[in-house]
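Please walk me through this protein model, beginning with the whole chain and then turning to particular residues.

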Amino acid sequence: MIEVLAKLGRGPVFLAGEVLECVITFTNPLSASSTSASSEMLAWASAQIHCQFHASENRVALPPSDGSKHDVQAENETVFVPNRGERGQCILSTPPKILFCDLRLDPGESKSYSYCETLPVDGPPSFRGQSVKYVYKLPIGCQRVNSPIKLLRVPFRVLVLHGLKDYQFPQDEAVAPSNPFLEEEEGLKKDSRLADLATELLMVATSRRSLHLYNISNTRGKVGTFCIFKTVYKIGEDVIGTFNFSEGDIPCLQFSVSLQTEESIQEEFQRRRGQPVSFTMHARHQESCLHTAQSSFSLPIPLSSTPGFTTNIVSLKWRLHFEFVTSGESAGTCLVRGSQSEAVTWTGVEQMEVDTFSWDLPIKVLPTNPILASYVSQFSSTNSITI
């Protein structure tokens, strides 16, 4: 028996273009209950990153793909098929890398191997929508002699920051002071620069603030105004907005604000022409606001959500969806004044004619620091199997 343990040292979330590093440890455990222990042999082990695409047959019409061939390989053949047995199509993969050949482990012995690979920058982000799914995995295949291939699949999440792949790093870095006694691999150095650059670009894009003021009105007149200071956010941030109903001519009885994503299939891949767009709500605020002069809301963007993106098949956009309930007549109230007292009693009307209308405000949602997103990831940094 051999235990295979794969560990993603920095966590299970990465930016496209970063280097994924995984340490894979093979152990021949020494059991206290066993009376006789023997050496274990593995013929080979290999690893490869791939992205699996799956689409809903009811919503997406895909052309036939040569990559979706039936898997006719026998279980005991020495062919490494990373997506063997998985649904959908493999739309992206890196070249396989051999970790070792002919590994012998004595009882209680362990050996570790480091797998490093740069994540492709032209791939889609990780996404689990109502119509399509993009799932990234690192399959690690290993095989004993004359035994079936065993796969350890390590899932991880990929965030895509558009424009990052087009950035050209300066060529005059040789003039910077360096320590000749510290060796640093060029790949890891570039990876660190890439992460720093992404953090800087995200900070610049999401820190810009300017007043955006919108008039809220229906066919009968002005209801109020809505104020928001920015429309570009990172996942994990809060969307904050304020209302001013004191300037309105039409009383607003109730409002709600929903943070939504809009998942639409490109026209050429729609199962039915003109099929409806899929919406997912991530946060919602609702408030009764009759006789309220000002109000506000704060909606958190989940760290586990997917930033907006577009591929040749699907498009994901973010928006704020507003719904307003207004009075169909002037604000009706009844005042009852006692004959011997200055106290005034306000009584709400039992019935009132109302009008409803909605409004959508597009916003832009970008990725965040992958280390921050790792704290709430559904994936584990450590995965293992026994063969």
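This is a predicted model: local features need pLDDT of at least 70, side-chain atom pairs count only at pLDDT 80 or more; totals for chains, interfaces and linings use all residues.

Residues are numbered from 1 along each chain as its sequence is written, and side-chain values use heavy atoms, with hydrogens and water left out.

The secondary structure of the protein chain consists of two helices and 24 strands, where helices (H or I, at least four residues) and strands (E, at least two) are DSSP runs numbered from the N terminus. The chain has 387 residues, of which 41% count as buried; buried means under 20% relative accessible area, exposed means over 50%, and partly exposed lies in between (1.4 Å probe, protein chains only). If one takes the contacts (heavy atoms within 4.5 Å) between residues at least 6 apart in sequence, 76% of them join residues at least 24 apart.

Rings of Phe, Tyr and Trp (its six-membered ring) pair if their centres lie within 6.5 Å, and planes under 30 degrees apart count as stacked, over 60 as edge-to-face and the rest as tilted. Phe 26 and Tyr 113 form an edge-to-face pair, with 6.0 Å centre to centre and 70° between the planes. Because Phe 26 lies in strand S3 (residues 19–27) and Tyr 113 in strand S8 (residues 110–118), this pair ties together parts that are 87 residues apart in sequence. Phe 26 is buried, with a relative accessible area of 0%.

A stacked pair is formed by Phe 324 and Phe 357, at 5.2 Å centre to centre and with 25° between the planes. Phe 324 belongs to strand S20 (residues 314–327) and Phe 357 to strand S23 (residues 354–366), so the pair ties together parts that are 33 residues apart in sequence. Both Phe 324 and Phe 357 are buried, and they belong to a cluster linked by ring pairs, whose members include Tyr 214, Phe 226 and Trp 359.

The backbone also deserves a look. Asp 102, which is not a glycine, has a positive phi of about 55°; this residue is in strand S7 (residues 97–105) and is exposed, with a relative accessible area of 58%. His 291 likewise has a positive phi, near 65°, in a residue other than glycine, and is found in the loop between strand S17 (278–288) and strand S18 (294–300).

Strand S18 leads on to an open sheet of four strands, with the order S12-S13-S15-S18 and antiparallel pairing, where two strands pair if DSSP finds at least two bridges between them. Strand S12 (212–218) and S18 stand at the edges with a single partner strand each, so one side of each is left without a neighbour in the sheet. Within this sheet, strand S13 (residues 221–228) and strand S15 (residues 238–244) pair in the antiparallel sense over three bridges, and Cys 227 stands opposite Thr 242 in S15.
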